[in-house]
Amino acid sequence: MRQWPRSTQTSEEPSIQRLPASAVICTGGHRALLAATVASLAAQTLDPGRYEILVVLNREDAAQRRRLEETLAQTAGTAVALRVVAEPTLGLSHARNRGIAAACGTHVAFLDDDAQAEPDWQLDRKSTRLN
């Protein structure tokens, strides 16, 4: 898992240059399903330096967040940037809004935590542009 530099990282959002795309996965913490979803995103044919994987844990549970980060770091590997942020207010709309707010990409694509992306999903083209 590519880590954001500690010197520029705040509690959850890194202060980095915008990426072309962010893949946002909202979850209640289903690690087994989520691992397969993250693995499918990490296997994209798109250059890993052009996108990030952002997981939004839709609950405030620090221990579960740490376990999720550990599991997903092993799954994603080191090439692609991966972050986990928490949204304590339950509901998919709240989680998606949190994902949009935390995204570093100029485009955002959402993927369910039980889905898998095809390797040529073209994440940078099948997403919503943020300004």
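Modeller: The expected span of a helix is 1.5 Å times one less than its number of residues. Helices (H or I, at least four residues) and strands (E, at least two) are DSSP runs, numbered from the N terminus. This is a predicted model, in which local features need pLDDT of at least 70 and side-chain atom pairs count only at pLDDT 80 or more, while totals for chains, interfaces and linings use all residues. Residues are numbered from 1 along each chain as its sequence is written, and side-chain values use heavy atoms, with hydrogens and water left out.

The protein chain has three helices and five strands, in the order β-α-β-α-β-α-β-β from the N terminus on. The helix to look at is α2, residues 62-76.

Next come the sides of α2. Gln64, Arg65, Leu68, Leu72 and Ala76 are buried, meaning under 20% relative accessible area, where exposed is over 50% and partly exposed lies in between (1.4 Å probe, protein chains only). An α-helix has 3.6 residues a turn, so residues three or four places apart point the same way. Glu70 and Gln74, on the other side of α2, are exposed.

The buried residues of α2 pack against the strands β1 (19-27), β2 (51-57) and β3 (81-86), and against helix α1 (31-42). Contact here means heavy atoms within 4.5 Å.

Both ends of α2 can be described too. At its start, a side-chain oxygen of Asp61 comes to within 3.3 Å of the backbone nitrogen of Ala63. That is a polar contact: a pair of N or O atoms within 3.5 Å, where within protein one must be able to donate a hydrogen and the other to accept it, and residues adjacent in sequence count only if both atoms are side-chain atoms. After α2 comes Gly77, with a positive phi near 80°.

For the chain as a whole, 45% of the 131 residues count as buried. Among contacts with a separation of 6 or more, 75% come from residues 24 or more positions apart.
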